[in-house]
Amino acid sequence: MNRKQFRRRTGVYPETFAEMEEVLMRREGRKKKSGRPAALSVAEQLLSHAGILARAAYLRAPG
């Protein structure tokens, strides 16, 4: 997927996504793990949420 398609699908550019993923991975590393591990990787979770937010923003846009 090219840069423009990625932005349209997720609401952010790939570079921004990579920075967001890095921040979340650092946070996950500092967390004290207890219980069941996540079914989705950090990147998959972020993609899922970014896509939902992008669609919500599109639906709220006027016109």
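**Notebook: helix packing and a pocket**

I began with helix H2 (residues 14-30) and helix H3 (residues 42-60), whose axes come within 10 Å and cross at roughly 125 degrees. I noted that the model is a predicted one. The crossing of H2 and H3 is right-handed.

Next I looked up who touches whom. From H2, I listed Phe-17, Met-20, Glu-21, Leu-24, Met-25 and Glu-28. They meet Val-42, Ala-43, Leu-46 and Leu-47 in H3. I sorted this contact by class and got eight nonpolar, no polar and two charged residues.

Then I turned to helix H1 (residues 3-10). H1 packs with H3 at about 75 degrees, and their axes are 6 Å apart. I wrote down H1 as roughly perpendicular to H3, because 65 to 115 degrees counts as such. In H1, the residues in contact are Phe-6, Arg-9 and Thr-10. Their partners in H3 are Leu-47, Ala-50, Gly-51 and Ala-54. By class, I found four nonpolar, two polar and one charged. Leu-47 of H3 is on my list for H2 and on my list for H1.

Last, I checked the largest pocket. I recorded a volume of about 220 Å³. Its lining includes Lys-31, Lys-32, Lys-33, Ser-34, Gly-35, Arg-36, Pro-37 and Ala-38. Leu-40 and Gln-45 also line the pocket. So do Glu-28 and Val-42, and I had met both in the contact of H2 with H3.

Terms used:
Residues numbered from 1 in each chain as written. Predicted model: local features only at pLDDT ≥ 70, side-chain atom pairs only at ≥ 80, totals over all residues. Heavy atoms only, no water. Axes fitted to C-alpha atoms, helices over the stretch in contact; angles between N-to-C directions. Helix = DSSP H or I, 4+ residues; strand = E, 2+ residues; numbered from the N terminus. Left-handed = near helix turned anticlockwise from the far one by under 90°. Contact = heavy atoms within 4.5 Å. Nonpolar A, V, L, I, M, F, W, Y, C, P; charged D, E, K, R; others polar. 1 Å grid on protein atoms, 1.4 Å probe; cavity = no way out; pocket = protein on both sides within 12 Å on 5 of 7 lines; lining within 4 Å. Points joined across faces, edges and corners; volume = space filled by probe spheres on them. Parallel < 35°, antiparallel > 145°, perpendicular 65-115°, else oblique.
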